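Hi,

Here is the structure I promised to pass on. Have a look at it first, and then read my notes below.

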Protein chains: 2
Amino acid sequence: MQAIIHFIGQVQSSLKSLDDCPRQANEGAPEATLEIEPEYQQGIADIQAGDKLVLLTWLHMADREVLTTHPRNDTSLPVTGVFSTRSPGRPNPIGLHTVTVVSVEDNAHIKVSGLEVLDGTPIVDIKPVWKD
Amino acid sequence: MQAIIHFIGQVQSSLKSLDDCPRQANEGAPEATLEIEPEYQQGIADIQAGDKLVLLTWLHMADREVLTTHPRNDTSLPVTGVFSTRSPGRPNPIGLHTVTVVSVEDNAHIKVSGLEVLDGTPIVDIKPVWKD
């Protein structure tokens with residue numbers, strides 16, 4: 001059983017390799033730009049500066065065969081089932097990020113704060129942040 | 001540009017049709033069970049009662065052509081770009097849910113509190129809740 005994801009855009013970032021990436025956003029991720037494909041731009045018409053968004057990405061460099069891992073790649077931590085970790089390596093490598101919109105240009109480019117993914121990472125979905 | 005999701009399991013729920021579904025989890029969603037496929041069960045070995053999880057589902061009944069919508073299906077609210085809403089109808093209908101684990105049986109069935117998706121909904125990913 002499977003489904004096909006159609007990417008709605010991609011991330012433009014100064015992070016060009018995995019070595020550039022902080023482990024987590026609060027460890028110093030740079031601003032990045034969400035470049036939305038023309039066919040999906042109608043869907044972002046109401047996004048504006050200051051919005052808090054949940055961003056879903058496709059971590060295209062990740063190993064999808066991972067079922068257990070050391071959290072944070074720290075081998076001093078015990079091997080753990082992957083669904084109890086935020087490892088990018090996992091069967092469906094969807095990244096989940098909370099970002100704040102800095103600006104929107106041309107209804108196509110959304111600049112956001114603190115995003116720790118590689119340049120070129122595909123974008124799967126954007127949702128407003130909810131308080132539950 | 002696209003990618004293929006392999007479902008890791010499915011939701012067992014008393015919600016058998018869209019008419020049964022509350023609009024949001026805090027409006028009275030029932031407990032549900034996450035049934036994990038055998039090939040992915042190693043990945044849930046460390047999940048236990050009390051854990052707070054982020055659950056990603058594939059809302060298989062959703063209309064993927066939606067780019068604008070009335071929030072909460074309320075026609076008194078203005079038409080809004082879909083990425084500023086939590087509409088299930090969206091280009092990649094991934095549901096994002098926060099649940100608490102009630103119990104785990106046979107390292108295969110995770111009972112969770114308050115989940116507002118239909119019986120049979122495919123499961124895409126499970127992550128621990130993070131405080132950011």
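This is a predicted model: local features need pLDDT of at least 70, side-chain atom pairs count only at pLDDT 80 or more; totals for chains, interfaces and linings use all residues.

**How the chains meet**

Let's start with the interface. On chain A, 44 residues are in contact with 44 residues of chain B. Putting the two together buries about 4300 Å², and carbon and sulfur atoms give 59% of that area. If you want to know where to look on the chain A side, go to A:Phe83, A:Arg86 and A:Trp130: these lose the most area to chain B, and together they make up 17% of what that side buries.

On the polar side, there are 24 residue pairs in polar contact between chain A and chain B, counting those with both residues at pLDDT 80 or more. Several strands of chain A each supply at least two residues to the side that touches chain B: β1 (2-6), β4 (52-58), β6 (80-81), β7 (94-105) and β9 (122-128). By residue type, that side of chain A divides into 24 nonpolar, 12 polar and 8 charged.

**Salt bridges**

Over all chains the structure holds 6 salt bridges, and the count between chain A and chain B is 2.

**Strands across the interface**

The chains also pair through their β1 strands. β1(A) is joined by 5 bridges to strand β1 (residues 2-6) of chain B, and the two run antiparallel.

**Symmetry**

How are the two copies related? A rotation of 180° with 0.0 Å of shift along its axis superposes chain A on chain B, with an RMSD of 0.0 Å. That is the relation of a two-fold axis. In chain A, the residue that comes closest to the rotation axis is A:Ile4, at 2.3 Å by its C-alpha. As for the interface, 100% of the interface residues of chain A are also interface residues in chain B, so the copies meet through the same surface.

**One loop residue**

Last, a look at A:Gly50. This glycine is placed in the loop between β3 (32-36) and β4 of chain A. Setting aside neighbours within four places in sequence, A:Gly50 is in contact with A:Thr100 and A:Val101. A:Phe83 is 33 residues from A:Gly50 along the chain, and their C-alpha atoms are separated by 32 Å.

Cheers

Definitions and conventions: Residues are numbered from 1 along each chain as its sequence is written. Chains are lettered from A and ligands numbered from 1 in the order in which they are written. Side-chain values use heavy atoms; hydrogens and water are left out. Contact means heavy atoms within 4.5 Å. Buried area is the accessible area (1.4 Å probe) that two parts lose on being put together, summed over both. A salt bridge is a side-chain nitrogen of Lys or Arg within 4 Å of a carboxyl oxygen of Asp or Glu. A polar contact is a pair of N or O atoms within 3.5 Å; within protein, one must be able to donate a hydrogen and the other to accept it, and residues adjacent in sequence count only if both atoms are side-chain atoms. Helices (H or I, at least four residues) and strands (E, at least two) are DSSP runs, numbered from the N terminus. Ala, Val, Leu, Ile, Met, Phe, Trp, Tyr, Cys and Pro count as nonpolar, Asp, Glu, Lys and Arg as charged, and the others, Gly among them, as polar. Two strands pair if DSSP finds at least two bridges between them. Copies are superposed by least squares on the C-alpha atoms of residues with pLDDT of at least 70 in both.
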